Structures are given as structure tokens and as C-alpha cells.
Amino acid sequence: MKTSEKKKDGHSIFSNIFFFIGIMFKISPVLVIGECLSGVFGTLPTRLIAVLGVKYVTDVIENGGDRRKIIYGIVLIAAVLLVTELLTWFFREFVWNVEREKLIKGLNTKFFNKARQLDLEAYDDPHFYNSFILAVESSAGQIQWILNMVERYIGELVSLAAISTVLLTVDPICLVIIIASVAVFTPIGRKIGTLQSERRIENNKYHRRADYFARIFYLQDYAKEVRMNNIRPLLNERYNDAADDVIGNQKKYVAKIDFYYFIQEGGLQIISFMFLLPLYLGYCVLVSKTLSAGDFVAAFNGASMIASSFSFLTIFVARTFSEQAKIIEKYREFLARKNKILDGEHIAQSGAPEEIEFKNVSFTYPGNSEPTLKNINITLKPGEKIALVGYNGAGKTTLTNLLLRLYDVTDGEILIGGRDIREETIESHRNRFAAVFQDFQIFAASLGENVALDTDFDCARAADALSRCGFTKKLADGLDTELLREFNDSGVMLSGGESQKVAVSRAFYKKCPYVIMDEPSANLDPVAEYNLNRAMAEAAENKTVVFISHRLSTTRGADRIYVMENGEIVENGTHDELMNLNGKYAYMFNLQAEKYRKGDRMPEGAAEVKR
């Protein structure tokens, strides 16, 4: 455990901060440089005026000088403040807002591109998934925080250097007192930062749970279930539990953090400004008389400002930067995640289908002790249509996921045309397949874009694909009709069956030698299912097809049916062979046929569909 924690926290505070600044600088150097200059303009002039300006005026008065010198000094001070204010205003009004949005866009694009390339296994890792969510959801806020901190950090750093130089010429002992006082309390700031980052990370986990129950009440997907059933008390109870966890987590940390805050801030003020510094300056003025009135003012004001800068650059940075650095560590962990599914050197061709062979394939999901698939051996001839059937959890979808290289086999190999699919580039391998998943998604895009899954599509081909799937809904804008309402208030909401037809049409649209269908007719009525099966048989005549279905009427036309149970192939053959075997397949088929005879009536000829 200690080893893994050390590895996760392997970067220093400043390494993480500068890592994030480096990313921001690559996206918008103008914004980062502008923030640095804003920090200098916003801090240094006022600090110098408070030290040198006040010293100048005090010395003029004490020495009985020409009072016009005071007026000239005030005019100069006003001019400096006006120029710096105008420069800062121009940057904020005409540069900052636009560049900040560019930065947010660039950073989110970086995160989204990384997320798109991740192995599915990453989503199975709760620790990594929390880092992923934290990185994406907090990126805009993190940008704002870092920009503010860059501005202030540079301003305080330049101010510290300038005022320290002035104070060294007046009385260096004051500088030593301030530095020593701040150094004593720096470790406490680091402790506070650690507690704050731990609180934030735990809060993210608990907030995600609470947000889930909040979404249930406002997402349309859950609206009917919530209204038609007595689920609300359960949801309220679960939400309250999740919210109480957030509150409990706050209580767990707030007392400790406030205690350390009090020790840090109170101790610094009492020791430095209420005891040591006044005592020393009083001695210099009243006893040793080594300081003039102007020197006294400059020393006291300068010491106060140096203390403020040092407090920020050490105590505040140790406290706050350490918190943010741990969040940035999550970003680095997310961006540095290495994929296990890697490109091969060969580019697969999407020509005519070739033989597919599963040789002694076994697979165990990460974190599981028991394998999901055990020693699978299947051979698919070019153009063959096979069906995978079995109860939920038998391993059917996992098998197709391995074929698509969404996961890699634990043991054994999958060959296409005699070549291990791990030797192919990932993109070229997946381009050979059209896949319709059981948990398909409709995107907030036009109907045509949803069919082609691309902004550039062939209208005639998309329309033909929809027609083959039996999509007959009349839409005013045809293929240009926007679906969903995320970006268009008048977007069309399709029914479950219509959505599934759109999802299946993607397989008809894509030109490729292999098709995988995972429950392609789950949301369709028997007539639509029959028509879809007939269209699929026509469209996939020269393609290899693997389909998964719990409706065994769709399996009759398959060249070969594989029955899976507990991750193994327990039966295989044609429909007639398996019925004659009178085993598991025959039992399931007869069970469903009995249901149809008693209730749901199959369309005439549906059971006779051939490929």
C-alpha cells in the first residue's frame, strides 16, 4: 500500500504546478505571460510606493525640504498607478476573456482526446475513474485557480525581491526576523494543504454518489419509472445517505484544518508583528537611534510587505499549492495512463472477409479472480453467419469485445486470415467491423450523422441504410433533423424502437467485411424484427456476421449456433442439429416458442427466415 501511494504522489508540489502551467502555456502563451505581467503591475508599484514613497515624504518633512517636492512625488506616484491600471484593464477587457475560453477549450480537448484513446479497462478501475472524472469536471476551475495563482505568485515574487533589496539597505536584521518567523510556520501550511487535498478528493467521490441520485430526478430516462412506482422514498433515503457522507467528510476535516489555520496565522502575527518586530524597531528608534523617521517607516512597512510576500510564497503556497498539486497529480495520472491494448505493425485491409479463428481463448476481467471466458475455440468461415446464445452473463458480449480488441485475450489468440489481431494497428483492425452494441447510444447530432457517425456522409447511402432497417418516421428536415435537445431545443426524441433502428442502420451504412450485432432487435416488435432479419440477410450476404440474441427465432437462419454457459461453449450446430440434440438450446427455444403460442403471435413465415 505504501509503495503505491508513494508512486501516485511521486511528483513534487512545484513539479505539478509547473507541469500544469506548461500545458497552459502551450495552449495560450499570451494568457500566461499576461497574467505574469498583471501580477507585477498589480503588486509592485503599490508596494514600492508604500515603502519608498512614504519614506521620501517623511524625509522631506523631517528635513524641512521644499514642500513642492512632495507634490511632484505624489504626481509621479499617480502617473505610475494610472499607467499600470490602464495596462491591466486593457489586458482584462480585450485579451483575458477570449484567451481563457481558448485555454479551457484546448485543455478539455486534450482530456477528451485522451479519454477517447483509453482502454475500456480504465473504466473498470474505480480509482482511475475517480481521477478521470475529477480531471474533466474540475478543469475549468483549475485553470482559473492556476491563473490567479500565477498572477499573484509572480507579483509577490517580484515584490519580495524589490522590497527585500530596499530593506537590506535600511536594516537587514528586520529581513532576518521576518524570514525566520515565516520559516517556522511553513510546515504547518504544508500540513493544511495535505488535509485540504484529501478532503477534496474524498468529497469528489461522495459528491459523485449524491449527483447520481440528483440526476435520476431530472433526467427524462428515469421520469416514467419514478412517477409510476414507489421508488422515491428509496431514492430519497439513498440520496440522504450520500449527502450525509459529504457532510460527515467535511466534519472529519474542518476541525483539524481550522486548528492548524489558527496556529499558523495567529502564531505568525503574534510572534512576528506583535512582539519581535516592534521590539526591535522600537530599540533602533528609541535606544540606539540607528533609524531615522523615514527609515523607521520604510523598515516597518517593508517588513510587513516582505512578511506578506513570504507568507504567501511559503506558508500559503505550501498550504494551497500542496492541495492543488495533489489534484494536478490526478491530471498527470490520467494523462499518463498507459494503454495495454497497443498498435501492431501491420495495417489490416477491409476487403473480402477472411477466416476468423478463436484458439484456446480465455479472458479474466481485471480485478476478478474467476475467468469470464474459458478455452474458447471457434472458427468462422468467410461469409458465415453465426449466432451466440445463452443466459445473461454467459460471456457472449465479452467474446465480441475481444474480437473488436476492446479488451485483449488473457490466454490464447484470435486470428483473422491467419494473423493474430494483435499484430494489426488498432484503427485498421476495428475499421473492418461494423458493430451494433446492446447498450447503443444516440448522439446529439443530425440523423444522417448518427447513421454515418461522421460529419461527412453519403446521403443516399444513409437513407438506404435507414430504409433497410425499417425506419419510416417522417421528419421535416430528413437526414438533417437534429436528434436530442442538448444543442437544439426542437431536437427530435426518438422512441426506443426507432433509436435501435438508427443504431442498426450504422452496420448497413459502413462498408466492411464483418458485422457484429449484440441484441439488434431487443426493442423491436416481432414484425419489425422479422423485417430487420430479412434486410440483414440481404445486406450481409457477402459478409461474416456474428450476432447475439435472446430471441431464438432470429437464430434459425444462422449457419451455426454456439450456446454459451459460464464462459464456455456447451453446444454448437445448426438450428435443426441442436433441436435434435434436445439439450439447452432446444429447451430455451421451446420455452420461447410456447410463449409465442400462448401470447405473442409471430408473423407468418418469421420462423422460416434464412440468410
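**View 1. The largest pocket holds about 1700 Å³ of space.** That volume is the space filled by probe spheres set on grid points joined across faces, edges and corners. Here a pocket is an open set of points on a 1 Å grid over the protein atoms alone, where a 1.4 Å probe fits, with protein on both sides within 12 Å along at least five of seven lines. This is a predicted model, in which local features need pLDDT of at least 70, side-chain atom pairs count only at pLDDT 80 or more, and totals for chains, interfaces and linings use all residues. Residues are numbered from 1 along each chain as its sequence is written, and side-chain values use heavy atoms, with hydrogens and water left out.

**View 2. The lining of the largest pocket is made up of 38 residues.** To count as lining, a residue has an atom within 4 Å of a point. Lying nearest the centre are Arg116, Leu406, Arg430, Phe437 and Lys510. Two or more lining residues come from each of helix 4 (68-117), helix 12 (426-430), strand 6 (433-436), helix 13 (447-452) and helix 15 (496-509). Helices (H or I, at least four residues) and strands (E, at least two) are DSSP runs, numbered from the N terminus. By residue type, the lining splits into 22 nonpolar, four polar and twelve charged; Ala, Val, Leu, Ile, Met, Phe, Trp, Tyr, Cys and Pro count as nonpolar, Asp, Glu, Lys and Arg as charged, and the others, Gly among them, as polar.

**View 3. Strand 9 (residues 560-565) and strand 10 (residues 568-573) make a hairpin.** The two run antiparallel and are joined by five bridges; strands pair if DSSP finds at least two bridges between them. Glu565 has Glu568 in strand 10 as its bridge partner. Two residues sit between the strands, and Asn566 in the turn has a positive phi of about 50 degrees.

**View 4. Gly567 sits in the loop between strand 9 and strand 10.** Gly567 is buried, with a relative accessible area of 0% (buried means under 20%, with a 1.4 Å probe and protein chains only). Beyond its neighbours within four places in sequence, Gly567 is in contact (heavy atoms within 4.5 Å) with Thr372, Leu373, Lys374, Ile376 and Ala394. Lys374 is 193 residues away along the chain, yet its C-alpha atom and that of Gly567 are separated by 5.6 Å.

**View 5. Four strands form an open sheet in the order 2-1-4-5, with antiparallel pairing.** Strand 2 (373-380) and strand 5 (419-420) stand at the edges with a single partner strand each, so one side of each has no neighbour in the sheet.

Definitions and conventions
Buried means under 20% relative accessible area, exposed over 50%, partly exposed in between (1.4 Å probe, protein chains only).
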